[in-house]
Protein chains: 2
Amino acid sequence: MTITEPAAAAVATTSPEAMSRPTVMALPSTPFLEVETSVVTDRLGELAAALPGIAIHYAVKANPHPQVLAAVVAAGGNFDVASPTEVRACLAAGAAPDDLVYSNPVKRRDHVAESAALGVRIFVVDSPAEVRKVAEAAPGAAVLCRLVTSGDGSDWPLSRKYGCSVGQAVDILRLAVALGLDAAGVSFHVGSQQRDPNAWRSPIAAAATVFEAVRADGLSPWLLDLGGGFPARHEGDIPPLAAYGAVIEDQLRQSFGEHRPRTIAEPGRAVVGDAGALVTSVVGVVERGDNRWVYLDAGVFTGLVETLDEAIRYRIETSADGGPTGPCVLAGPTCDSADVLYQVTPVHLPLDLAEGDIVRLESAGAYTSCYSTVGFNGFDPLPVVVG
Amino acid sequence: MTITEPAAAAVATTSPEAMSRPTVMALPSTPFLEVETSVVTDRLGELAAALPGIAIHYAVKANPHPQVLAAVVAAGGNFDVASPTEVRACLAAGAAPDDLVYSNPVKRRDHVAESAALGVRIFVVDSPAEVRKVAEAAPGAAVLCRLVTSGDGSDWPLSRKYGCSVGQAVDILRLAVALGLDAAGVSFHVGSQQRDPNAWRSPIAAAATVFEAVRADGLSPWLLDLGGGFPARHEGDIPPLAAYGAVIEDQLRQSFGEHRPRTIAEPGRAVVGDAGALVTSVVGVVERGDNRWVYLDAGVFTGLVETLDEAIRYRIETSADGGPTGPCVLAGPTCDSADVLYQVTPVHLPLDLAEGDIVRLESAGAYTSCYSTVGFNGFDPLPVVVG
């Protein structure tokens, strides 16, 4: 990707002239998130090709920018939502409410009622209490029961916050029917930035066990939600999307045979991650004992929350690339000591990187602008510039 | 503190009727941060009493709400700022610009110039490059050189992100004078929620060594900044403020003797932490294997960032208090698996806590509303209700 120098109005250019280093020390109007909706479209096409017959429900939480949602609608995609605000954003982008999947397993009761009133029909649950809540707040709705997974193999793993066992899922779907709900099926999530396609095998097999058990009871489950977890191009190798598709297809065939339900997936990062770059400027470079510290004008509080514990490692390009590099600690601009991006495993950046140089965190379109604070320490929320 | 049921408009009441548990299942308009400015005033009085002769510069980053800043001005307090936005907020509250201390050691050059134009005169630095930046962007300004500390003893520790050695500080102050700046003195920070008053001893002694060395060169340093770190009433015992004052007074006497400089401190959490309560509702309670999970309508992405790694543990009161309690995991409302507050060390909450009950995180006035995201997952930023 070409390194660009943003103009004062925070509009990135791609002219050859823009590739030179800054000639003035005044900082450009960084930071901002540069999003290319054409990449969103491309990724949706690649996902559709890798996962034939599986409907794509983009996880709105990854990046809810209206133009991203519009690109998803234009590409024939659908949505995974978790709040009435996200429901309304999808409807505004042109989505049909009864195609949305409300994937938050533990919901505010008023949010269930509000979303049902907006036309949402499919809600994820993972406990008897939540089934009762949905039955009361959205009578007659369809429910997916979420199974617990290990999260092994993912960079941004799970915490056992959601999901139940196979036995509990069977009971929950039976309860749903007893309460007048449509026991639609099963969902799960293998953990975000999942590098191991085989992570889908065990939960697909578990889902098939649930389907079989409730079919034996006379229920008619019809929907399997494979969740998200498909990766973006962060640091380190990832398998091609086709490898995920091959494993999923193989496991669906093994587990469901001729009785395969309608199947959907909820990628977020894989759709919008590679579509964005977080464009920052170097505020200062300081030698501290054994470490060179590079301070950027964006950090943990302006969107880079996923660098906590150095979980997600962005690929980095700078306007000073080309010469020798060395290790450095990367930090954000606020006074907060927690505002450090990479320290345990330093990044390697040009030795002559200096104040005013541009540092681009690539594939940062997901979980950045939406994670930004309201303006901690007087640093504005991360703006989004859509190209 | 009295447990209150907020009315629909998110205005907390303190009427006795409000102490009963909700009679309807519809959730009140939680979450919100309830701030009592009278507590801000009280804490400033206690700090002044504990630290006689030491000017209090409230760290705006802890909570920049205009009414909090106004309470600080009314109590005769001053400010520690880190960005032009914070400078303007203080000026709007009635502060004099030349009393502000700009404590961010690594600053955007345009922020230095903008703040100087607004009348700010004192800037913290910790490297030769930053001294040159200040000399160019704010000619003739005063600089404090920040010393590194260990952060040992604090709950929200430092990362060696800022601060230099005694020897470097001496060189930096000499450079400042050579560049036409006022070499005002030394600053440091012992780490936030610092439970050990003795943490101030070593850096005060180090500061005195710097003062002595540069005085021998003919410089006239006049300002010592003791930073923040004074605690709020989170879980666990903390020494009384008087214990901090006694240690600091003793060490100032030992280290500076008759040549004590003007001395300031920059408390944030100690001023506003106890003034706020984060009022949330229970969204759901789910038994998961060995754990009871309680889901609140506020979490990591609506202000509770300091629960990451369970660093800051808030005292908790609920509208169901009184009966037997048991351990539970506490989680936030978003779909994100990272949105878990306390899991490694569970909290103990009433066994009959249920959907719709109120859970108050006490002493949550600092680093909450300002840490809130712009609305991740469609959950609004944390509103502040000032009483």
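Predicted model: local features only at pLDDT ≥ 70, side-chain atom pairs only at ≥ 80, totals over all residues.

**Exercise 1.** Work out which elements of chain A make up the side that touches chain B.

*Solution.* Start with the residue counts: 51 residues of chain A are in contact with 51 residues of chain B. Next, look for elements of chain A that give two or more residues to that side: these are α3 (84-92), α4 (109-117), α5 (128-137), β12 (276-288) and β16 (340-350). β12(A) gives the most, with 5 residues. Finally, sort the chain A side by class, and you get 24 nonpolar, 15 polar and 12 charged residues.

**Exercise 2.** Describe how domain 1 of chain A and domain 2 of chain A meet.

*Solution.* Then count the contact, which takes 19 residues from domain 1 and 22 residues from domain 2. On the domain 1 side, the residues split into 10 nonpolar, 5 polar and 4 charged.

**Exercise 3.** Characterise the packing of α4(A) against α5(A).

*Solution.* Two packed helices are described by the angle between their axes and the distance between the axes. Here the axes come within 9 Å and cross at roughly 45 degrees. α4(A) and α5(A) are therefore oblique to each other, and their crossing is right-handed. Now pick out the residues: A:R109, A:V112, A:A113 and A:A116 of α4(A) meet A:K133, A:V134 and A:A137 of α5(A). By class, this contact has 5 nonpolar, no polar and 2 charged residues.

Key: Residues numbered from 1 in each chain as written. Chains lettered and ligands numbered in written order. Contact = placed C-beta atoms within 7 Å. Helix = DSSP H or I, 4+ residues; strand = E, 2+ residues; numbered from the N terminus. Nonpolar A, V, L, I, M, F, W, Y, C, P; charged D, E, K, R; others polar. Axes fitted to C-alpha atoms, helices over the stretch in contact; angles between N-to-C directions. Parallel < 35°, antiparallel > 145°, perpendicular 65-115°, else oblique. Left-handed = near helix turned anticlockwise from the far one by under 90°.
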